[in-house]
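Here is a short report on a protein chain. It takes salt bridges, sheets, helix packing and model confidence in turn.

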Amino acid sequence: MNASTNDPQEELAARLRMLQELSGLGVRALAREAGLSSSSLSRYLNGQTVPPWPAVVALCRLVKRDPRPLRPLWERISSPLPAPPKSSRQARPRPRNDLPRDVPDFTGRAEELAAVFAAVDSHRAVSVDGMAGVGKTSLAVHAAHRLADGFPDGQLYVDLHGFTEGRLPLDPDSALRMLLGALDVPSERVPQEGLEQLAACWRAELADRRVVVVLDNAADADQVRPLLPGAGDSVALITSRNRLFGLDEVPPVSLDVLDPEESAQLLARASGESGGPEGRLARDPESAAEVLRLCGRLPLALRLAGARLRHRPGWTVGILAERLAEGTGEFDTAFAMSVRQLDRPHARLFRLLGLLPGESFDEYVAAALADVPVRTARAMLEDLVDAHLVQQPSAGRYRLHDLVHQHARRASAEEDPAAERERALVRVLDFYVHTAAAADAAMPFVSPDRAVAVGPAPAELPRFADKNAAFGWLTAEYGNLVAVFETAAVIGADAHVCELPRYLRSYFARRCGTTHLNALFERALAAAERLGEPLRLAEAYSDLGFARYNAGRTAEAAEAYAAARLRLKEAGDGRAEAELTLRRGYLSWDAGHVEEPLELFRLAGKLYTDAGCPEGAAHAAAAESWALLQLGQSEEAARLAREVLEVPHADAAWPPALTARIVLGVALSRETPEAASDHLRQALSLAREDGHLHNQAWCLNCRGVALRHMGRYEEALASHREAFELLDELFEEHWKIHFLNGYAETCRLAGLPDEALGLHRQALELGPRLGNRHEEAEAHEGIARVLDGTDPERAAEHRAAARVVRESLTAV
């Protein structure tokens, strides 16, 4: 058998192939005759795996060849480094140190190192797990170098090749023979067959030695278990991309990416810069920050980026950032090996996760994405967390590291048909619209009384026990909801673009103000125009008009409402018509009209009743009671308010009830101040509990008016001031138009005429700009009251101006 090659392992494989030729048998037949598995024999013949010595003996015997000439070659492969020259059996060989070089730029990881040393002290073993490129090997090797002085009998290292491209994981049999060879155990003392016998021999050899062993890149617990030390003082440091749950006796240490400061330090060290002001990184901090972002704070990526910069003195940091943005081939190769360990369903879910818009997600989103039950999605996500392909920043929330996300997205584009990717993404859009609708229904507002007009809802949606749970979901998912809206717009999913903003109104009212909501409804209207459905168009115009109204853009609101009315004539939807009529009433009141808004509020109530919506009718009645109160009809306003409070509702902070309590508080303040105070106190408490800053400001301002009626001016002023502080937090100056004149009147009666004039003048400037003629007329009349005692002539001018405003409205 004359076969020679530079690679001993390939030479052995060539000689084994000669044995097969001599046998005249195929791989399966030869394996059967030799008592081997066909897959193992195939690996031996191809040089992928070193066969155990008994397998070599069995193959030689089949063709009646002496195996002894192959023994030196086999031992050279099983123990790659030459053994020291033998002297006497009693003299222990010089301690072996196989550890790779400790990285000179090792950075951070103080807590993780401490955890590794603690585990070694308590259990004599530790497993370091984490995603590809996170620095597991660097940490284990660094720790082993730190431990070396305490383990003078050897520092061993074996790469188990659990995730090596183009190579099968090293089998435990071969790994044990390599380790025993590294300890210079004579071949006659090494069992020739049997994994259990080999493991027992390994443990016996370690029993009276102090050795530190690094078992790098383990595929799973089964590969590692036979390699663990037994009795004695030796220790093992294991690394794996998977969490090795099968090793119950080995404490785990999980690695995450470096923090921002450590990332910057590692990049500077890897690029050969001291961090001084003259370095390229310091001279271009913006590009340096982009490099850190593109590297995702992964140590492997940072070292590769730093090495590129170090070896290219002509490059700027900006050029490095551009090159990194072009692709991440090195990381794709690393991540691909992790993905290849997954079965088909897990690999499919992982790829599809790359399609998700937004930052984080839960099991419901994953279930919709993959079209599997939530329970299945949760179990699969946990498996992907264990494989460090998915991160779990908090209970029930998952995310992908940026580089992993990019890899998953590219893998999906390469492996999943376009139609499947599109269906998966649409299922996610459907999920978010249906869940937002469910959350909106749990909030204390009048929700759209129709089916969600997108695709079917997933089989399982989150359940919202109350408004707090719904609000919590909207808060957690806000970034994703915006990303979903943008994705729907990009792929032309116009139905989703139309629907989603409608179910975010109550959340935006509490948290996001009016500017962003206006932008969403503008794009929703454009989508509705493309769809061309009358009801969608009517709702889109109505919603945009209401967003315009809340932003103080009253002229644009009127235009949108007019367009909505035209479409509603064709659509013929009673509930949508009632909602639009109520909104038109608000706008008409702010424009300074008196009779028209009252008629609109009453008509809205009738339309809601006819549509079978008592909650909507209560909204209209509450608005009517508020308008009557402003017109001085306190008794009628109080009567209506009490009727609204009799309408049953599960949430005490329901807007009609809140409005009714405010109306009663102001209406009763002169005759029954205690009852008035109780209503206002309840209203403010409910608004605060509900987290609605605009409503809190309304309650505080109206409380100031009521306290003024009671003659408690200092308390009234404090309440007005608190209301204005809240409005300043909202950064929406136009809302102040509703409060300025009331605050000014309190100042006048409290003996603060200059403050009163200043507030009225603010209203006089703001009212015409916002189209709020009612408050404009009130401001003129308020200034006249302040000037009556000091400047009767100017007071008369302002009264005349107020009459002109009101007469113009009457003429209209």
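## Salt bridges

A salt bridge is a side-chain nitrogen of Lys or Arg within 4 Å of a carboxyl oxygen of Asp or Glu. One joins the side chains of K467 and D651, at 3.1 Å from N to O. K467 lies in helix 22 (residues 467-491) and D651 in the loop between helix 31 (634-646) and helix 32 (655-667), so the pair ties together parts 184 residues apart in sequence. Helices (H or I, at least four residues) and strands (E, at least two) are DSSP runs, numbered from the N terminus. The structure holds 44 salt bridges.

## Basis of the model

This is a predicted model: local features need pLDDT of at least 70, side-chain atom pairs count only at pLDDT 80 or more, and totals for chains, interfaces and linings use all residues. Residues are numbered from 1 along each chain as its sequence is written, and side-chain values use heavy atoms, leaving out hydrogens and water.

## Confidence

pLDDT is the predictor's confidence in each residue, from 0 to 100. The protein chain has a mean pLDDT of 85, and 93% of its residues reach 70 or more. Among its elements, helix 18 (residues 363-370) has the highest mean, 96. Helix 16 (residues 329-339) has the lowest, 62. Over residues 81-91 the pLDDT is below 50; this stretch has six contacts in the model beyond near neighbours in sequence. Contact means heavy atoms within 4.5 Å. Where pLDDT is low, the predicted coordinates should not be read in detail.

Six strands form an open sheet with parallel pairing, in the order 1-3-4-5-2-6. Strands pair if DSSP finds at least two bridges between them. The edges are strand 1 (96-97) and strand 6 (252-254), each pairing on one side only. Strand 6 pairs with strand 2 (residues 125-129) over three bridges, in the parallel sense. V253 in strand 6 is the bridge partner of V128.

A second open sheet has the order 7-9-8 and antiparallel pairing. Strand 7 (360-361) and strand 8 (391-394) are its edges, each with a single partner strand, so one side of each lacks a neighbour in the sheet. Strand 8 and strand 9 (residues 397-399) pair over two bridges in the antiparallel sense. Q391 stands opposite R399 in strand 9.

## A helix contact

In helix 2, V27, R28, L30 and A31 meet S38, L41, S42 and L45 of helix 3.
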